[in-house]
Amino acid sequence: MLACAALTMAAMVALAPPVPAAARGRTVGERTVRNLETRVLGPAHALEHARERRAERRAIRRWLSLSPAKRKRLIRARRLTLHAASAGPASEVGSWESPFSLPVHAIHSAVLPTGKVMIWSYPFQATNTAPRALETHAYIWDPAKGTGSDAFHEVTPPANEFSAHAMIFCSGGSLLADGRLLTSGGTLYWPNQDRPLWAGLKDVWTFDPWDETWTRQPDTARGRWYPTQTELPDGRTLFLGGYDENGEQAVDTDLEVFRASPDPHGIGQVKLFPSGERNTGTYPHAFTMPNGQVLMAGQRSQDNALLTVTKKGPDGKPVDVFEWTDTERSSWRTQGTAILEPAGPAGSTRVTLIGGTDPSNRDEAAAHTPPRDTTQTIDIAHLANGWLPAASMKVARSNFNSVVLPDGSVVAVGGSNGNSDAEGLYASWDDHRSRQIEIRDPATGQWRLGPAQQEDRAYHSTAVLLPDGRVLSGGDDRSGMRTSDTAEIYSPPYLFRGPRPLIGAVPANLRWGEPFRVGSSSNATRAVLMAPGVTTHGAEMQARHVELAITRRDSSGLNAIAPPSGGVAPPGWYMLFLLSKDGVPSVARWVHVEGTWVAPAPPPQVRFGSKTLVQVRASYLHLHNGAVAFDVANGNRFRAPTHAALRLTGTAAQRAGLDGAVATDVVLPSTGTAKVHIRLGRKRSAFVRKHGQVPAMLTLRVRDPSGNVRKVKRAVTVLAPRR
């Protein structure tokens, strides 16, 4: 891996003129370094380095100006500040539960659509100095059974040609559209004196979470150690990066795509696309975007590009192209994390890089490369803006995990103090500051510290969101801790802010764009889909937060609309959470999203023909008990709402002020007759009895199912009762 420092050093050697021996060893000026880095690394990256050097110089000057006593007080205050958050109310910072034992290191973690979690790694060593076995052990944890040993059972993969149990440790991992776990690559051998560098397996495996069986799939063309997987909008899976099988730590530049068999135990296909060849490094961060492209964002500065997957062919149908287009380079963030930012129902176009290390910042005297606390965000909808700085964490971290929560907040879990010659990627702080979780507020984007775990969790640790809204954190196999492992569970602040919404009936299968109803308690106001996490080495390859559009809220539930496309929500199983106005999530319900919803065709329009076919079957209306009654026949093959109005006519009624209409509403049956009653009232009834018979006009306003209204008029005579 070529770091910034190596690039800069090579350029200095190439560009510097010969100098006398007496002049060697002089300090290089800031302007010289800045100009050189601008040419070698680009303006944006060089500017960030300059700012970091300036801040470092200021901090050193301030520190040196302090008295020894003041320095001691500041160190003590720093430690108190870091740990003060643990005493905050749980509704603001959350809380950790006590650690529990794991049967294997949680170096890989995958949340399965059964609600269970798979963890896998090489097996525990008999002693801390015993050699590691070249095989994978995998276990299923069922949260419903608690955290005791009976909550775990083994699902170790079968043998391959290199080991008794295929070494899918350091593989890529993601879920297929049908919920199967898919892994690619792994560790070919443990480096030794004869083969000192890492090399990758070609293995591809699937695991069925329902019957818990493994199936060997076709190999990749070359080995992959530390590869990345990303599900595409059409359900295929992209394989990127990782070291190949040759033992020279050379990156596999192939771009390959896996297409699954519809049979859960069938054999799929791995296809190589030469057009996508690129050095993408190890565990690059990759995200499927709403427009169907894939954004690669780090870890190295040069690992920034958009991958166009398909274009329209001559017949208008999509054709595979797999073409890369470079985007602006990010800061160098090896061992950092990346998230697809939460967004609205149309999907997220923003990715944020968090923490990590820059190899060019290595302190040779201390033999240490420090971690970063900074973050930066890119929006593919506004690529011209490039990478923009975002809020910094309170604790600088590398080799940690970032988890997006249902309410849109983000937690940073664990982490190392960069890397050092003494501790490698497990470098720690004396005050264990990275044990404290950090929480990013979804409204302000600012970070705050939360309570601390009981153990350091850095390199080879994982953290994933559970279906009940809590976060599982486990792993870290540092030297001296290879005979056992533990996990801890974090309850975020939202679990201490009031009652959870309850989920009632919900469809098990949804199609993109489909309206659907979720039964719920009255305190539910939002609905989100959360793709289950599949993570290792700080590289999350599956999780995403998808906000759902809500079209109606009432006391019995919500009307929602499924995500609009596979770019917003790639096909597969999701955890559906309902949230209250305070962001409290329900326990999730699993739903499957795949396929385009086609709105049902509207029913054929039913309307009147050329004739209304409504008739009043009377010319004389008899007054009886203050009302008149008559039959109306409907010859149409639909029910017809009707407004019937009767108005007395003639000069006498007009002079008496009784020529206003009296009315009633009735629904005429399909191809039938209805009896209609209209009350005349006391004055009109007396007027009819006085005159014996009175002319009148009967008007029917009849409406068809399409909303068309027609009038039917009939001149009638109202007769007084016989004496």
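Strands here are DSSP runs of E at least two residues long, numbered from the N terminus. The model is predicted.

**Overall build**

The protein chain holds seven helices and 49 strands. Of its 723 residues, 53% are buried. The accessible surface is about 31800 Å². Carbon and sulfur atoms account for 52% of that surface.

**P406, a buried loop residue**

P406 sits in the loop between strand 24 and strand 25 (410-413). Is P406 buried or exposed? P406 has a relative accessible area of 0%, so it counts as buried. Beyond its neighbours within four places in sequence, P406 contacts L465, Y494, R526, V528, M530, H545, F577, L579 and P585. L576 is 170 residues away in sequence, yet the two C-alpha atoms are 9.2 Å apart.

**Q217, a buried strand residue**

Q217 belongs to strand 10 (residues 213-217). Its relative accessibility is 3%, and the cut-off for buried is under 20%. Q217 therefore counts as buried. Which residues does Q217 contact, leaving aside its neighbours within four places in sequence? They are R180, V204, W205, T206, F258, G266, I267 and G268.

Strand 3 has two antiparallel partners. It pairs with strand 35 (residues 534-536) over three bridges, and with strand 4 (residues 117-121) over four. A110 takes part on both sides: its bridge partner is V534 in strand 35 and M118 in strand 4. Strands 3 and 4 form a hairpin with five residues between them. In that turn, G115 has a positive phi of about 90°.

Strand 7 (residues 172-175) is likewise covered on both faces. G172 and S174 are buried on one side, G173 and L175 on the other. Strand 7 runs antiparallel to strand 8 (residues 181-184), joined by four bridges. Within this pair, G173 stands opposite T183. The hairpin has five residues between its strands, and G179 takes a positive phi near 100°.

Most residues other than glycine have a negative phi, and most peptide bonds are trans.

F322 has a positive phi of about 50° although it is not a glycine. F322 lies in strand 18 (residues 318-326). With a relative accessible area of 0%, F322 is buried.

T671 is not a glycine either, and its phi is positive at about 40°. T671 is found in the loop between strand 46 (661-668) and strand 47 (672-679). T671 is partly exposed, with a relative accessible area of 48%.

Q299 is in the loop between strand 16 (294-297) and strand 17 (304-312).

**Cavities**

How many cavities of 30 Å³ or more does the whole structure contain? The search finds seven.

| Cavity | Volume | Lining residues | Lining make-up |
|---|---|---|---|
| Largest cavity | about 210 Å³ | 21 residues | 13 nonpolar, five polar, three charged |
| Second largest cavity | about 170 Å³ | 19 residues | 14 nonpolar, three polar, two charged |

In the largest cavity, the lining residues closest to the centre are E231, M541, Q542, R544 and P570. Strand 11 (228-231), strand 15 (286-288) and strand 40 (572-579) each supply at least two residues of the lining.

In the second largest cavity, V403, V404, E540, A543 and R544 are closest to the centre. Five strands each give at least two residues to this lining. They are strand 19 (337-340), strand 24 (401-404), strand 29 (461-465), strand 34 (526-531) and strand 37 (544-547). R544 is named among the residues closest to the centre for both cavities.

Notes
Residues numbered from 1 in each chain as written. Predicted model: local features only at pLDDT ≥ 70, side-chain atom pairs only at ≥ 80, totals over all residues. Heavy atoms only, no water. 1 Å grid on protein atoms, 1.4 Å probe; cavity = no way out; pocket = protein on both sides within 12 Å on 5 of 7 lines; lining within 4 Å. Points joined across faces, edges and corners; volume = space filled by probe spheres on them. Nonpolar A, V, L, I, M, F, W, Y, C, P; charged D, E, K, R; others polar. Pairing = 2+ DSSP bridges. Buried < 20%, exposed > 50% of the residue type's maximum accessible area, 1.4 Å probe, protein only. Contact = heavy atoms within 4.5 Å. Areas by Shrake-Rupley, 256 points an atom, 1.4 Å probe, with all protein chains shown as cover.
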